Amino acid sequence: MNVFLLLSLAVESALLFLLEKKMWKTVYTPLNFLMIPYLAVLGFTLVVAGHGGMADFYYPSLVPWIIGLPLFAVPGWLFFLAERRKKPAAFVPDDGRIPDGNPVKGYRFKIIVALSIVVFLGVRLAVLLAQDRGVVGNEAFGDLFAGHGWAGHALMAGTAVMMWLLFEDKRLLTWIVAILILFFLFVYQVKSWIILPLLTVFSASLLSGRIKPAFRHLFWICATGILVFFASFLLIYLSGDDTLPQATTLGGQMKSIGGLFVHYVTSGTLGLSLDMRQGILEEPDLQHVLTPLYNFWYLVTGQPIVSGRNTEFLYTGITGTNVRSFFGTLFIFTKPWGFAICTLLYGTACHFFFRLFRQRKTSCALLLYAWVCMVSAMGWFDFLPYLSNVFEIPFWIFIIDYLQNLCLKFDIKRSWKYFRS
């Protein structure tokens, strides 16, 4: 049975990959961004599971992914058929390149926005430190700094404009602003929100044709992820946090962080494995997968907002995990009809941004699609769309694009008026 399930997933993934490549003439599709990272992490999980105290892998936990992947692909197939039916003779696969032009025409506007956010966050950090509310590196302090309120929204807006700046214009001022915003993300102490923006910039460069795919890129992605992970936990250690009280020396801390890294990579796959082995501990509840929609309604009606985080922690052999991977989270918190509907809806959203990117070669459309792809690529870890920040980044990208175009139009009109006078 174990071999059959693993072979089924492998064959299905290979067929889906080939079909995507044949349809879209590119491998940079939403399905591949979701599927390939999961397969890589699954392979790593199968190697380490059952060794060094790690929990054994439960192969029936592959079933949600075997069912979910083709369901996720269905909206893409419908989009493809609609595109072919609309213009069958004129359909020409694109190579993802943005047309030539002036990609930095709004640089001044974006840098002013970014610097304003940096100043705001810097003042907030200084005030919190002056009030002795905690120390940089502590996770509780990070939540206090930007876990909610205006500071949290400002940090997300800063993250969006930082990605745009890094993609369009890597001059010195851009790097200074980017380093400062990345520092604030480190203070926030959520590792995914440090890695995701950088991966989005990389994938946008890849999708636009500005860089060519190469194996060295995979090495640098892994190296950057490991560096961010270790740096984040070392900052916790230096702040005096007792997250790992057994590690009393720097060497012991590094060893513990190494174990945590293995745990972090395998937490989604092993978390689902342990959960399904025990018969699924959670009760179906759409509030855990549609959290932003529920919270929007609660805010409108004056009710307290809720958290979509899973409260069930399962011991993997290193520490506890409450994540279950993308399809795992959908599987445990929904009934069969809910699993199918949520998968189809998210697949539709991803392919909508894919089509938007193919039809409108703008930095805005490109960054939106790159962000969606990177959120999906983290599916080996968990179903990230339950976080409101996942939707806030595209919101700020839209706002920045709109305001930038508005400012440019205003400048043009003012210049023409001055010329006529």
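These legends describe several close-up views of one predicted model.

Residues are numbered from 1 along each chain as its sequence is written. In this predicted model, local features need pLDDT of at least 70, side-chain atom pairs count only at pLDDT 80 or more, and totals for chains, interfaces and linings use all residues, while side-chain values use heavy atoms, with hydrogens and water left out.

**Figure 1. The whole chain.** The chain has 15 helices and 2 strands. Helices (H or I, at least four residues) and strands (E, at least two) are DSSP runs, numbered from the N terminus. Of the 421 residues, 48% count as buried. Buried means under 20% relative accessible area, exposed over 50%, and partly exposed in between (1.4 Å probe, protein chains only). The chain exposes about 20,900 Å², and carbon and sulfur atoms supply 69% of that area. Accessible areas come from the Shrake-Rupley method with a 1.4 Å probe; for residues, only the protein chains shown count as cover. Take contacts between residues at least 6 apart in sequence: 75% join residues at least 24 apart. A contact means heavy atoms within 4.5 Å.

**Figure 2. Tryptophan 65 in helix α3.** Helix α3 spans residues 63-86 and holds tryptophan 65. Tryptophan 65 is buried, with a relative accessible area of 0%. Glycine 328 is 263 residues away along the chain, yet its C-alpha atom is 7.5 Å from that of tryptophan 65.

**Figure 3. Two loop residues with positive phi.** Most residues other than glycine have a negative phi. Lysine 25 has a positive phi, near 60°. Lysine 25 sits in the loop between α1 (2-24) and α2 (30-48). Lysine 25 is partly exposed, at 45% relative accessible area. Aspartate 132 also has a positive phi, near 55°. Its loop runs between α4 (107-130) and α5 (139-146). Aspartate 132 is exposed, with a relative accessible area of 65%.

Figure 4. Of the 16 residues of α8, 13 are buried, and the helix is mostly covered. Glycine 209 follows α8, with a positive phi near 85°.

**Figure 5. The second largest pocket.** A pocket is an open set of points on a 1 Å grid over the protein atoms alone, with protein on both sides within 12 Å along at least five of seven lines; a cavity is a set where a 1.4 Å probe fits but cannot get out, and lining residues have an atom within 4 Å of a point. This pocket holds about 1,200 Å³ of space. Its lining counts 35 residues, with Pro37, Leu199, Leu218, Ile221 and Cys222 nearest the centre. Helix α9 gives the largest share, 8 residues. The lining divides into 29 nonpolar, 5 polar and 1 charged. Ala, Val, Leu, Ile, Met, Phe, Trp, Tyr, Cys and Pro count as nonpolar, Asp, Glu, Lys and Arg as charged, and the others, Gly among them, as polar.

**Figure 6. The largest cavity.** About 60 Å³ of space lies in the largest cavity. Its lining includes His288, Arg309, Phe333, Asp382 and Tyr386.

Definitions and conventions: Grid points are joined across faces, edges and corners, and a volume is the space filled by probe spheres set on the points.
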